[in-house]
Amino acid sequence: MVRLIRASLRSSAAFGAILLTTVLAVSSVQGAECTSSDASVQSAYKLEGPATASAAVHASPPLRGVALGDWIGVEIEALPKLLDEAKCRNKSIIPVLNGRSFTEMTIFGPSTKDSNVIFFRLLRTSAQRSLWAELLGSPGFEPRKVSVTLRMEGEIPLPANSSSTVLDLEVVNGWSLAGALTCFFALLAAFLLLANRTNIMRDAAPPDYAVPIVNGELSPTKPTANRGPYSLSRLQGAWWFFIILGMYLLIGVVTWDFSASISSTAVILLGIGAGTVVGAAVIDISQDTPEQQATREQRATELSVQIERLSKTIDAFTFASLEAKRLGGDKLISYDESKRSNLNALAGLDPIDWLLQEATALGDPPPLIAERIELARLEATPPGAGTPGETRLATLKGRYPGARATELRALVPKTSELTEKRLMAISRYRKLTNQSEWWFIDVISDVNGVSFRRFQLFAWTIVLGAVFSVTSYRELMMPVFDTTLIGLLGLSAGTYLGLKIPEPAVPK
């Protein structure tokens, strides 16, 4: 058995030696037949027009500024020997730009037998988009320095004259960019105009019973603007539309590739945006039942009464504070100054009288401060004998023995808590009656206030939009997101729609 193994090893070694000898012999024969050319690149420049076999001419002096689509002439020392070597080795000659081999660009020439110039055209192809991204990525108005040389397939690049083989590549054409920007911003301006004047970005318009909110107050005398709250789903759809449109125009202007620049991720993102808009609209329609409408109207009426009472109370307390200062000895404040416009808000009543009138509804401390101010007023201007004022003065003195006008300022309640309650009531009223608060508050809030699921979808939409834009700008091709990243955005959109179904139509 051992002898058989040894014999087998000897046979394998012998076969390997024969094979290696054969390869070396073939290589030596090829080496003897194909002589190295020792060629080098002397110059590179822009050709004046389309290069053909009969026209490979350049300006004098040679032009170094080039752009995509231009023909590039490359002057080579010992060009005939280089061509003979390439033919002998059955290998092609490849353009090399900034050390990168662009195999998709075809070499032509020479134009005549005695010429030492070959040429190629600067054309970006989809197959080598990653290489072109290194040359054209993060485009700007400054030309890019591009060194030009050649190499034989499978060989190192030819040596080049560093001073005359560097071209200035124009990345962005000013006129083309101006046209693209004009188109983009014209569409954006038209869209923003529509968003401001129509409901293209908003949910349903306010119902007929809605009272408009003007400067934080109910204003029944003014008509309700036909503008509902901004829609998160429509905002997401518009966001992706304009980002993808902008990147499409940018990539097209720089590369002139308008047919293959939209990636599968871009289509998916547009689909998620459109699907969210449709899904949200279907859910809203299914929830808008007559019963829900009646409940919302009743709750809106209750909130309007609450808002009106809170506003009047705040006005009355504001007046009471100034009146307390006046009665306490502040000579700079007159009665007319302290009442300001509050009498109009309180249906012509003196604010203190209004507080006394509403004492039962408001509870303490409004009756306290109102009666103390009334006492200070009667003491400052004593009523006549035997009048109801004298009786009232005696009653109040008995109720508040030893009361002094200088104590009034400390008794007036602060309106900050009431103001906060009124703001919350106004916010809920606007949500109930489909009135916009502010676009950001609209998109991240449901009827009960700010919603985390809405904020989550909004945040991921903004972040992924920024990533998409930056990547497209830097690489000059729309990115292909990982399925996990796409799934994350889809999950956020699905969560938004899923939890929108049981979303309450009336605030708790």
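Visitor: Where is Ala 78 found?
Guide: Ala 78 sits in the loop between strand S4 (71-77) and helix H2 (79-89). Helices (H or I, at least four residues) and strands (E, at least two) are DSSP runs, numbered from the N terminus. Keep in mind that this is a predicted model: local features need pLDDT of at least 70, side-chain atom pairs count only at pLDDT 80 or more, and totals for chains, interfaces and linings use all residues. Residues are numbered from 1 along each chain as its sequence is written, and side-chain values use heavy atoms, with hydrogens and water left out.

Visitor: What is the phi of Ala 78?
Guide: Positive, about 65 degrees, although Ala 78 is not a glycine. Most residues other than glycine have a negative phi.

Visitor: And which loop holds Asn 90?
Guide: The loop between H2 and strand S5 (93-97). Asn 90 also has a positive phi, about 60 degrees, and is not a glycine.

Visitor: Why does Asn 90 count as exposed?
Guide: Because its relative accessibility is 70%. Exposed means over 50% relative accessible area, buried under 20%, and partly exposed in between (1.4 Å probe, protein chains only). Ala 78, at 27%, is therefore partly exposed.

Visitor: New topic. In what order do the strands of the five-stranded open sheet run?
Guide: S3-S9-S8-S5-S6, with mixed pairing. Two strands pair if DSSP finds at least two bridges between them.

Visitor: Which strands stand at the edges?
Guide: S3 (65-67) and S6 (100-101). Each has a single partner strand, so one side of each lacks a neighbour in the sheet.

Visitor: How many bridges join S8 and S9?
Guide: Four, in the antiparallel sense. S8 covers residues 144-152 and S9 covers 166-170. Val 146 has Leu 167 in S9 as its bridge partner.

Visitor: What about the core? Which residues have the most contacts inside the largest one?
Guide: Val 74, Leu 97, Leu 122, Trp 132, Leu 136 and Phe 468, in a nonpolar core of 69 residues. Such a core is a set of buried Ala, Val, Leu, Ile, Met, Phe, Trp, Tyr and Cys residues joined through side-chain atoms within 4.5 Å.

Visitor: Which helix gives the most to this core?
Guide: H5 (residues 232-255), with 13 residues.

Visitor: Last one. How many helices and strands are there in the protein?
Guide: The protein has 18 helices and 13 strands. Of its 508 residues, 40% are buried.
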